[in-house]
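This report walks through one protein model, from its sheet to its core and then to selected single residues. The sequence and the structure come first.

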Amino acid sequence: MEWTETLCRETGIRFLTTRPSEIEAASFAIIKEELGQEFLKACPQDQLPVLCRVIHTTADFSYKESLYFSEDAVSKGREALASGIPIITDTTMAASGINKTAAAAHGVQVRCFIGDEDVKEAARESGITRSAVSVDKAARLYPDCIYAVGNAPTALMRLYEKIRTGEIRPRLVVGVPVGFVNVVEAKELILSAGVPCIVARGRKGGSNVAAAICNALLYDRKV
């Protein structure tokens, strides 16, 4: 790996620059070094690329404690993607963050219904969130899907209800909403839904984390 040192004359700060792919490789090497050999040996090897990509996205090493994987969640998620199962997200930000080239290589559509006019209208009439109504629409159109939630705990709560009634059966739920109201509770609820899941327990998460997890599954490579 070849690095070029650049000096900012105004500040005196020196930067190391190289090709983007090598910057990412160096970042992952730093992450693995800081995780430590003991942790790397103990961590299930299929989960490690997902965790490392989440840390790469957030620079937050607390995810090594809070990111929960149900049994075979990674392999089941990758199997679903290999069969072309769509990814449904709760926000356009999460959908935008998912690598479309990688998704297309698997024949995977990335969909988000939050901005659809029928969803907006149904939310106004019912008095519930658009995120919850989006789950209703997904249950009608794509009951067999991967559902990634990075912002709205109401989406997780609605998913739980729809899973219990059999109206939707996600191959994998990525449950990583961020916030303070109903966030912890909604995440714990989805753990009992009986479907494969990857959940960031506690308050932390976000649309960028949801996208990072989906990308890690799509890339299907070691770090």
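Predicted model: local features only at pLDDT ≥ 70, side-chain atom pairs only at ≥ 80, totals over all residues.

Thr 89 belongs to strand S4, which spans residues 87–89 and runs parallel to S5, with 3 bridges joining the two. Both strands are part of an open sheet of 6 strands, in which the order is S3-S8-S7-S6-S4-S5 and the pairing is mixed. The edges are formed by strand S3, at residues 67–69, and strand S5, at residues 110–112, each of which pairs on one side only. Taken on average and with direction ignored, neighbouring strands of the sheet are turned by 15 degrees against each other.

Elsewhere in the order, S6 and S7 run parallel and are joined by 4 bridges, with Ala 148 having Val 174 of S7 as its bridge partner. S7 also runs parallel to S8, to which 3 bridges join it, and within this pair Val 173 stands opposite Cys 197 of S8.

Helix H10, which covers residues 153–165, lies across S6 and S7 and runs at about 150 degrees to S6. Helix H5, at residues 73–82, lies across S3, S4, strand S6 (146–149), strand S7 (172–175) and strand S8 (197–200), and its direction is at about 120 degrees to S6.

## The nonpolar core

The largest nonpolar core holds 69 residues, and the members that touch the most others are Leu 67, Ile 87, Tyr 147, Leu 159, Ile 190 and Ile 213. Helix H12, at residues 207–219, supplies the largest share of this core, with 8 residues. As background, nonpolar side chains in soluble globular proteins tend to be buried together.

What does Leu 67 touch, once residues up to four places away in sequence are not counted? The contacts of Leu 67 are Val 50, Leu 51, Val 54, Ile 198, Val 199, Ala 200 and Ile 213.

A search of the whole structure finds 0 disulfides. Cys 52 is in no disulfide, and the nearest cysteine sulfur, that of Cys 43, lies 7.5 Å away; the criterion for a disulfide is a pair of cysteine sulfur atoms within 2.5 Å. Cys 214 is likewise in no disulfide, the nearest cysteine sulfur being that of Cys 145 at 11 Å.

Are these two cysteines buried or exposed? Cys 52 is buried, with a relative accessible area of 0%, and Cys 214 also counts as buried, at 1% relative accessibility.

## Loop residues

Most residues other than glycine have a negative phi. Asp 72, although it is not a glycine, has a positive phi of about 60 degrees; its place is in the loop between S3 and H5, where Asp 72 is partly exposed, with a relative accessible area of 42%. Asn 182, also not a glycine, has a positive phi of about 65 degrees, and this residue sits in the loop between S7 and H11, counting as partly exposed at 36% relative accessibility.

Pro 196 is found in the loop between H11 and S8, and counts as buried because its relative accessibility is 16%, the cut-off for buried being under 20%. Not counting residues up to four places away in sequence, Pro 196 touches Ser 70, Ala 73, Lys 76, Pro 170, Arg 171, Leu 172 and Val 173. Between Pro 196 and Ala 212, by contrast, there are 16 residues of separation in sequence and 17 Å in space, C-alpha to C-alpha.

Terms used. Residues numbered from 1 in each chain as written. Heavy atoms only, no water. Pairing = 2+ DSSP bridges. Axes fitted to C-alpha atoms, helices over the stretch in contact; angles between N-to-C directions. Contact = heavy atoms within 4.5 Å. Core = buried A, V, L, I, M, F, W, Y, C linked by side-chain atoms within 4.5 Å. Buried < 20%, exposed > 50% of the residue type's maximum accessible area, 1.4 Å probe, protein only.
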